[in-house]
Amino acid sequence: MPQDFDPNRSASQAYGRLWRDWLRPYRATLFLTLMLMVIVALASAGYAKFIQMVIEGFETASNSVIWWGPLGIIVLTLSKGVSQYLQNVLQNQVMSRMQADIQTKMYASLVTMDLAHLLAESPSALSARFSADVELIRNASRQVFSAVTAILTVIATFGVMLSIDWAMTLGLILIFALAFGPVGIVGARVKAISATTQEEIAQMVSSVDEGLSGIRMVRAYRLEDRLKDSSKAVFENLYKLRVSLVKWQAILSPMMEILGGLAVGALFFLVALRMRSGAIDLAGFIGLLTALGVATNPARKLGGAYAIALQGQAALDRVFALFDTPNTIRDGSFEFASGDKAKGLVEFRDVDFTYPDGFQALHGINLRIEAGKTYAFVGRSGAGKSTVFNLLPRLFDATSGVIYLDGRPITEYTLPALRDQISVVSQDSVLLSGSVLENISFGREGASEVDCIKAAKSAAAHKFITKLPEGFNTHIEPAKIKFSGGERQRLSIARAILRDAPILLLDEPTSALDAESENQIRTALDVLSEGRTTLIIAHRLSTILDADQIVVMDQGAVVAQGSHDELLEQGGIYADLFNLQFDLSPESSAPKRKRSFSNGQGRWKSPLEGLVKFFGG
Ligand SMILES: Nc1ncnc2c1ncn2[C@@H]1O[C@H](COP(=O)(O)OP(=O)(O)OP(=O)(O)O)[C@@H](O)[C@H]1O
């Protein structure tokens with residue numbers, strides 16, 4: 001998964017990239033914003049200079065000061081206020097644009113990212129990046145803008161101060177420079193704690209999410225206390241981090257305040273000296289004081305902006321790391337001519353596969369899967385059946401060895417060309433937000449309504465769909481799924497029928513279904529697999545008996561292949577597991593289950609159903 005906050009990467013690198021990739025397109029607006037900032041800074045500094053001029057006017061008892069004095073102040077404050085308003089509006093427009101652009105790219109990166117990377121992080125931690133991290137970036141960018149205004153204002157006011165008395169101003173700059181050192185130390189601390197806090201927040205969101213999504217299991221096994229205890233530790237940790245973060249952040253403001261005080265003290269000392277020597281008069285002194293007053297607030301803001309900009313850097317690093325995660329699944333170039341399809345001959349030659357965490361799930365798989373035939377994959381839980389299935393549509397690439405489709409390595413096909421040849425019907429069929437019709441039509445781009453309805457009929461889904469409040473137009477909201485397991489499966493079968501791909505990957509449903517649904521699904525699956533190369537992770541005896549070939553897997557390897565009778569005759573794992581779970585003694589007239597077991601997903605309705613579910617290792 002993308003690596004997280006790297007304290008060695010400098011803020012300038014992160015913000016430099018933010019500018020290059022996300023802000024530069026809006027440089028015209030940003031330039032305008034900068035000009036407005038310059039006006040704000042000049043108006044602020046001009047204010048101090050103007051005060052000096054007005055006091056001088058009073059000192060010389062000038063008559064005209066009664067007009068230009070008030071007028072000048074009004075012009076200065078008005079131009080500052082209007083510029084501030086316009087700058088704010090423009091700046092926030094650019095920020096909102098940037099936020100939307102980053103979120104769009106983040107989502108695109110996630111949906112196309114290698115599964116291996118994606119599965120390494122919990123969905124809630126990933127979704128936290130959309131909200132928390134992007135918000136931090138926006139906030140930090142806003143602070144960078146205020147910092148620019150603050151810096152411009154400080155520079156302009158120092159210019160004014162220099163024009164009043166350069167010696168005193170230089171003395172002040174020296175004092176400020178010496179006093180700013182500690183800010184860096186505190187800033188580094190804030191940066192580190194902020195990064196850890198973000199990680200803890202992601203951890204908290206994911207533990208809350210996990211607890212609530214598995215609430216049935218939690219209740220059934222009375223795990224509430226355990227869950228409460230483990231989440232308490234997470235909340236407690238987060239509390240400590242937050243308190244510590246606030247403590248360090250809170251130091252920054254008073255620190256700047258104290259530094260401001262020191263500066264004022266030094267100013268008084270210098271003013272006293274310079275007044276005695278006649279280098280400065282009262283008007284100059286008041287002008288200097290006003291300039292200092294104008295500069296102190298922006299200078300103080302700089303401290304806060306620095307801390308928030310550092311938090312933003314941590315978020316930027318996390319988001320950019322997501323963009324930079326390389327996609328290891330490289331696209332090939334072979335495409336089928338329009339209207340052509342694969343025949344469906346699949347071969348695995350010496351295929352090994354190791355998951356990113358280093359676990360080798362497949363060892364030397366050699367398989368020839370004839371076009372149009374049905375292959376039932378059986379084996380204990382964890383034997384590697386799903387992994388074999390994942391390699392075919394290239395959700396992962398084999399670590400070594402080659403998989404061929406119609407004699408061509410699957411890596412040579414373009415991903416769409418390859419994946420269009422494959423339909424997947426799994427136990428956890430995904431329904432997306434949209435109408436029932438749309439959910440079926442995802443099976444094939446541009447499918448007509450008539451085709452979708454036909455597919456629904458073949459999948460035995462038509463009856464329950466027409467009973468829905470708006471039939472095929474009923475809106476499905478993933479958060480409020482009202483479909484039963486069997487209904488979802490039938491929708492997913494309809495999708496696969498519509499797709500009409502030559503290869504079918506089928507994870508046979510194990511969830512409990514009533515007899516009628518089960519029969520309907522079986523019929524639908526028979527229709528679906530007719531004439532297609534079908535690979536089934538089989539859980540039912542009838543499926544296994546119907547298959548042309550049975551592939552027995554154990555510990556990541558194919559250990560046997562043949563028909564049911566052949567495999568039984570061979571003995572070995574297939575026969576062992578078969579005999580272990582069924583009483584095949586001569587006196588029993590029919591196979592009878594020896595023990596009762598659960599498949600971990602639901603109940604089995606009949607002994608037959610559980611016959612060849614080898615599980616538990
Ligand atoms: N993302 C992953 N990272 C690391 N190891 C994994 C990952 N997914 C699966 N494995 C491991 O690979 C092995 C094979 O898993 P696989 O899901 O292919 O088995 P299976 O035969 O389909 O099991 P089941 O019947 O329980 O679904 C298992 O030991 C599993 O723990």
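**Entry 1. Conventions**

I count two strands as paired if DSSP finds at least two bridges between them. I take helices (H or I, at least four residues) and strands (E, at least two) as DSSP runs, numbered from the N terminus. Residues are numbered from 1 along each chain as its sequence is written. The model is predicted, so I note that local features need pLDDT of at least 70 and side-chain atom pairs count only at pLDDT 80 or more, while totals for chains, interfaces and linings use all residues.

**Entry 2. The sheet around β1**

I began with arginine 349, whose bridge partner in β4 is valine 402. Strand β4 covers residues 400–405 and is joined to β1 by five bridges in the antiparallel sense. I also found valine 346 bridged to leucine 405 in β4.

I then looked at β2. Strand β1 (residues 346–354) pairs with β2 (residues 360–369) over six bridges, again antiparallel. Glutamine 360 in β2 is the bridge partner of threonine 354. The two strands form a hairpin with five residues between them, and glycine 358 in that turn has a positive phi of about 95°.

In what order do the strands of this open sheet lie? I read the order as β2-β1-β4-β5, four strands with antiparallel pairing. The edge strands are β2 and β5 (408–409), each pairing on one side only.

**Entry 3. Strand β9**

I next asked how many of the five residues of strand β9 are buried. A residue is buried if 20 or more other C-beta atoms lie within 10 Å of its own, exposed if 12 or fewer, and partly exposed in between, with C-beta atoms placed from the backbone. Five of the five residues of β9 (residues 503–507) are buried, so the strand is largely enclosed by the rest of the structure. Ile503, Leu505 and Asp507 cover one side, and Leu504 and Leu506 the other; all are buried.

I followed the pairing on from β9. Strand β6 (residues 422–425) is joined to β9 by four bridges and runs parallel to it. Valine 424 stands opposite leucine 505 in β9. Strand β10 (residues 533–537) also pairs with β9 in the parallel sense, over five bridges. Leucine 506 stands opposite isoleucine 536 in β10.

**Entry 4. Helix α2 and the annotated spans**

I checked the length of helix α2 (residues 27–59). Just after α2, alanine 61 takes a positive phi of about 55°.

I looked up the UniProt record, an unreviewed entry, which places the feature "transmembrane region" at residues 28–48, 144–164, 170–188 and 250–273. UniProt positions are given in the numbering used here, feature names are shortened, and annotations may be inferred rather than shown by experiment. In the model, residues 28–48 are 100% helix and 0% strand, with end C-alpha atoms 31 Å apart. Residues 144–164 are likewise 100% helix and 0% strand, with end C-alpha atoms 30 Å apart.

I also examined glycine 159, which lies in helix α5 (residues 123–164). Glycine 159 has 16 C-beta neighbours inside 10 Å and so counts as partly exposed. Alanine 45 is 114 residues from glycine 159 in sequence, and the C-alpha atoms of the two are 8.1 Å apart.

**Entry 5. Positive phi in loops**

Most residues other than glycine have a negative phi. Alanine 460 counts as buried because it has 23 C-beta neighbours inside 10 Å.

Glutamine 555 is likewise not a glycine, and its phi is positive, about 45°. I located glutamine 555 in the loop between β11 (549–554) and β12 (557–562). With 16 C-beta neighbours inside 10 Å, glutamine 555 counts as partly exposed.

**Entry 6. The ligand shell and the whole chain**

The ligand is surrounded by 13 residues, and the closest are Tyr355, Ala361, Ser381, Ser386 and Thr387. Helix α11 (residues 385–391) gives the largest share of the shell, three residues.

For the chain, I recorded 20 helices and 14 strands. Of its 617 residues, 35% are buried.

Key: A residue is near a molecule or strand if its C-beta atom, placed from the backbone, lies within 6 Å of it.
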